[in-house]
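Me: Can you walk me through this one? I'd like to start with the core.

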Amino acid sequence: MELTLLINPNLLDDPSDFMIFVGRFHPLIVHLPIGFLLLASIAHFTTRWPKFYAIKPFLKYLWGLGAISTALAVVLGYLLSLSGDYNDNTLFWHKWSGVVVLVLALICYFISKKQSENTKPTQWFLIALAIGTMIYTGHLGGNLTHGSTYLLEYAPNSVRSLAGLSPKKETIPKITVLDSADVYLDLVAPIMDRKCVSCHNKEKKKGDLELTTYANMMRGGENGEVIVPGDIETSELFRRITLPENHDDFMPSEGKRPLTTQEIALIEWWIASGAPANGFVLELDSQKIITETASNYLGLDKHAVLSKKVPPANQSSIDSLRDQGIIINRLMKSNYFIEANFKLSERLITDKELALLQNLKEQLIWLDLSNSELEDESLQKIGQFEHLIKLNLSGTAISDKGIVHLKTLKHLESLNLYDTDVSDGLLKLIPHLTRLKKIYLWQTKVNDSVIEGIQSERKNLLVVYGRE
Ligand code: HEC
């Protein structure tokens, strides 16, 4: 019944597929000969002492089991090798040392069957040779599946140097600012390492493609180059990571975790920018297309204001401000950041109030001064509230003279200048506010052409111009 199942051509849609299917049991089955041969050799060894003489009659069965399971592992291993996914050189030695183990196991079987006393010294030699060869074969097998660097990757450097390996790779220091981020080392390589290298390395070169280094990536795979600098359309690698997940060619294959949209965007930008081997992200991305994604990917946003540990705000300053009708709120439970809102005051903001705010500048991240009688000079003080993320100056009389003082607000993400006297002096400010994501410019004196200029230069900056 089972035989008909195997032979029935309709059930075997592709015989070579079937052989590989069976072959993939090899890594499971190899544990049998390892167990049996070790057990047989230990048992054989113990029979040197009279106490264990009783085992002698069973030795031949143990060696027999060892030989049969070795034969099975050899056959399955051969079928698996037909998939052609393995390093040729390692495979050659693994295969033939496996065959040697089989031959030695058979010899041990016949020796133990004969039980002749005078073969003793040769018998110990053969057993030692069988076990030694088995360990060597197993080691090569491990190299084939995990790569030759796997075993000693985390070994102490002293052990690595005994094995002739270089000291452990220094982990690349964690980038803390985007200015030092390298396009290949910090963006592309980590993505490949995490999602692709397990199948595309020196030993397991699927599709004859190695994705371990820049040079190997550019060399391509069995169908030629996979990255065409500057051309995402014809870059096979990009095509494969953007196919529908159930497509045959989709990478990573076999249901491994696919790239995130963020990772795909980084690869896309890298290839489109000419797939350079190195270079600073900030310099290559003069258009600021990918800068935000990159800093997000590198976890650099975590270094922004909100991850800082600030002490609790000075309560007496808060109380004094509240007495003046100014709204002060703590924004989050997990830290002490606050907002200050002068909305209800609608009057001149005094130096005294600014001085009180100065006491809170570490905690102050949102400041709303809209519709107050704010003067240009006051902005000098506000420029010192360096943790500000959101600043609303709408409906005030401030002008270009005042806003130059805001250059220092490196964390500012939202700036509302709606209904102010600000004009083209804005051009001098914008380049300093690198984190700015949103700016409100309706009813200002800023020229249309200036606004267009800002918009085309800063793709990630939303310019709100007009009634929303
Ligand atoms: C689970 C194993 C596996 C993983 C993980 C994997 N690949 Fe592959 N890859 C393969 C196999 C198998 C082939 C050959 C069969 C084929 O062409 O689809 C291949 C082929 C390719 C090819 C075509 C090479 C050529 O010249 O034909 C590209 C490009 C590729 N992979 C890119 C990637 C990228 C990029 C990743 C990471 C996002 C990745 N692979 C992850 C198994 C894998």
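Predicted model: local features only at pLDDT ≥ 70, side-chain atom pairs only at ≥ 80, totals over all residues.

Me: Which residues touch the most other members of the largest nonpolar core?
Reply: Leu-367, Ile-382, Leu-415 and Leu-426 do. That core has 44 residues.

Me: Which helices and strands supply at least two residues each?
Reply: The helices are H15, H16, H17, H19 and H20. The strands are S2 and S3.

Me: Back to Leu-367. What does it touch, leaving out residues up to four places away in sequence?
Reply: Leu-367 touches Ala-340, Phe-342, Leu-357, Ile-382, Phe-385, Leu-388, Lys-390, Leu-391 and Asn-392.

Me: New topic. At what angle do H15 and H16 pack?
Reply: At about 145°, with their axes 9 Å apart. The crossing is left-handed.

Me: Which residues make that contact?
Reply: H15 gives Ser-317, Ser-320 and Leu-321. H16 gives Glu-353, Leu-356, Leu-357 and Asn-359. Three of these residues are nonpolar, three are polar and one is charged.

Me: Last one, Asn-143. Where is it?
Reply: Asn-143 sits in helix H7, residues 120-146.

Me: Is Asn-143 buried or exposed?
Reply: Buried, because its relative accessible area is 11%, and buried means under 20%. Beyond its neighbours within four places in sequence, Asn-143 contacts Thr-90, Ser-148 and Glu-203.

Notes:
Residues numbered from 1 in each chain as written. Heavy atoms only, no water. Core = buried A, V, L, I, M, F, W, Y, C linked by side-chain atoms within 4.5 Å. Buried < 20%, exposed > 50% of the residue type's maximum accessible area, 1.4 Å probe, protein only. Helix = DSSP H or I, 4+ residues; strand = E, 2+ residues; numbered from the N terminus. Contact = heavy atoms within 4.5 Å. Axes fitted to C-alpha atoms, helices over the stretch in contact; angles between N-to-C directions. Left-handed = near helix turned anticlockwise from the far one by under 90°. Nonpolar A, V, L, I, M, F, W, Y, C, P; charged D, E, K, R; others polar.
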